[in-house]
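Please open the model in your viewer and keep the sequence panel beside it. The tour below moves from one selection to the next and says what is to be found at each stop.

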Amino acid sequence: MMQPVTESPNGKGILVIGGGIAGMTAAIEAAETGCDVVLVEKAPYLGGRVSRINQYFPKLCPPTCGLEINFKRIKNNARITVLSQAEVAEVTGTPGDYRVTVKVSPRFVTDACTLCGQCAEVCPAERPDEYNMGLGTTKAAYLPYAMAFPAAYAIDRAACKEGCTACAEACAYGAVDLAQEPEEKVFEVASVVAATGWTPYDANKIDNLGFGRYPNVVTNVIMERLAAPNGPTAGKILRPSDQAQPKSVAFVQCAGSRDENHLPYCSAVCCAASLKQATYVKAMDPAAEAVIFYIDIRTPGRLEDFRTKVVEEQGVELVKGKVAKVEEDPVTHDLLVTAEDVLGGRKVTRRFHMVVLATGIVPNTDGLPAGFTLDEFRFIAAPEGKTGLYGAGCVRRPEEVSATVQDATGAALKAYQCVVRSAHHG
Ligand SMILES: Cc1cc2nc3c(=O)[nH]c(=O)nc-3n(C[C@H](O)[C@H](O)[C@H](O)COP(=O)(O)OP(=O)(O)OC[C@H]3O[C@@H](n4cnc5c(N)ncnc54)[C@H](O)[C@@H]3O)c2cc1C
């Protein structure tokens, strides 16, 4: 189905791939200059990884208010078309004149959804809860999370029991449409911004740190969900083996990052993330031990004050030394962390109730349409010469949210320049 973007006063619009904080920012900033924007998100909700963070460093506030403001700006801006459960299949053309094919998967729930939840109530099937990193399940008829945008349930047909139509029968608003089919839409735009973000490095690949073998070794992204009030443990950090509150937690920095065998680069946000997560442990129990094993603590700029505050005011311990191995006491499921204590000039082995691996950031560039230039680590590189294809956010380099927002604003400006150029030449 051909569906060109309505022409902006200044020419063609732009298309943004990825609806995390970077993609939402690029879309909103471009739309607020008067440009039409299509925002393509593969998940059933916007917000990306940020929506799964418990609290933001350095302020330690929940990300909900910031996200809500962005959702409102999108909702109130008629220039932005949001396509969720959608992916770009192809981009053809030249700067200022691209043709983008988007494949949209059915949600099986229409705009008539009132979030009453009756569909999930009667649904007999379950699926892994991807929003909560697979910790627990949801029904096949599910709301990704309480303040999800678009605010509508979705139905995972792959998880449904064969022939089941219980959700459609239960919906008093006729909002369940199990006959929906995949759609293909084509857009003509001046520029494309890729803001596809990142995936955590697969901790199963780091053999010596025990993830996947020992239940009480978790990753930093799992820790965010364990600490979140809307997470699988309702915000209580409980160790997976026995659901007990840990009295001691070790954070292992550079779990994969700065390692030629895994990710050779620094993932930039993990030091501040672990300092923040140490405050989650202390908030739960001020007497609990929180120890961060690090190679270098990288907290530049305003994050330096955050580090000082966390260490001095909360009594978080920093041990300079790369962790050599994590082993498990098979009786208690406690963990034995062996590291070089560089400043103490000795090797140490210490016992903890839980270990959190600060796994790094891998850019989501596989499957991007042709035309984007990638660097040696597969992040989107700065384009050479004049182009209409730009990266924004963590798909360009690992960075915290405020830097991501600035980067995305810059990408929106570059994309808008293409729009203006195309209007003058087109
Ligand atoms: C453990 C941890 C804790 C953190 N805590 C903080 C913190 O407290 N404060 C802070 O400032 N920063 C924090 N960060 C960093 C923060 O997560 C990033 O800055 C932020 O996620 C970057 O946003 P993004 O939009 O670039 O990427 P993402 O959040 O990854 O969003 C990308 C979006 O693109 C979508 N997408 C991917 N591929 C496609 C595709 N092919 N088609 C369509 N859509 C696609 C995804 O579904 C997603 O919605 C933390 C990072 C980690 C690892």
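**Starting at a strand pair**

Select strand β14 (residues 289-294) together with β15, which pair in the parallel sense over 4 bridges; helices (H or I, at least four residues) and strands (E, at least two) are DSSP runs, numbered from the N terminus, and two strands pair if DSSP finds at least two bridges between them. Within this pair, show Tyr294, whose bridge partner in β15 is Lys320. Before going further, note that this is a predicted model, in which local features need pLDDT of at least 70 and side-chain atom pairs count only at pLDDT 80 or more, while totals for chains, interfaces and linings use all residues. Residues are numbered from 1 along each chain as its sequence is written.

**The sheet around it**

Now extend the selection to the 5 strands that form an open sheet with parallel pairing, in the order β12-β19-β13-β14-β15. At its edges stand β12 (217-219) and β15 (317-320), and each has a single partner strand, so one side of each is left without a neighbour in the sheet. Neighbouring strands of this sheet are turned by 25° against each other on average, direction ignored; axes are lines fitted to C-alpha atoms, for helices over the stretch in contact, and angles run from 0 to 180 degrees between N-to-C directions.

Next, colour helix α5 (residues 220-227), where 7 of the 8 residues are buried. A residue is buried if 20 or more other C-beta atoms lie within 10 Å of its own, exposed if 12 or fewer, and partly exposed in between, with C-beta atoms placed from the backbone. The buried residues of α5 include Ile222, Met223 and Leu226, and also Glu224 and Arg225. These buried residues of α5 pack against β12, α6 and β19.

**Two loops with positive phi**

In the loop between β13 and α6, find Arg258, whose phi is near 55°, a positive value in a residue other than glycine. Arg258 is partly exposed, with 18 other C-beta atoms within 10 Å. Then move to the loop between β16 (323-328) and β17 (335-341), where His333 lies. His333 has a positive phi of about 65° although it is not a glycine, and it counts as partly exposed, with 17 C-beta neighbours inside 10 Å.

**The domains**

Colour the chain by domain: domain 1 (13-105 + 182-197 + 364-425), domain 2 (118-159) and domain 3 (201-361), with bounds that come from an automatic or database domain assignment. The C-alpha centres of domain 2 and domain 3 lie 30 Å apart, and the contact takes 6 residues from domain 2 and 6 residues from domain 3.

For a view of helix α3 (residues 118-122), select Gln118, which is buried, with 20 other C-beta atoms within 10 Å. Not counting residues up to four places away in sequence, Gln118 touches Ala170, Cys171 and Ala172.

Strand β4 (residues 86-94) and strand β5 (residues 97-104) run antiparallel and are joined by 8 bridges; Val88 has Val102 in β5 as its bridge partner. The two strands form a hairpin with 2 residues between them, and Gly96 in the turn has a positive phi of about 90°.

Which peptide bond is cis, with omega near -5°? This is the bond from Phe57 to Pro58, and Pro58 is in the loop between β2 (37-40) and α2 (64-75). The peptide bond from Phe149 to Pro150 is also cis, with omega near 0°, and Pro150 lies in the loop between β8 (141-142) and β9 (154-155).

**Last stop: the core**

Finally, select Ile14, Val16, Ala26, Ala27, Val192, Val193 and Val355, which touch the most other members among the 132 residues of the largest nonpolar core. Such a core is a set of buried Ala, Val, Leu, Ile, Met, Phe, Trp, Tyr and Cys residues joined through C-beta atoms within 7 Å. Helix α8 (residues 401-425) gives the largest share of this core, 9 residues. Around Ala26, the residues touched include Val16, Val193 and Ala408, not counting residues up to four places away in sequence.

Note on methods
Two residues are in contact if their C-beta atoms, placed from the backbone, lie within 7 Å.
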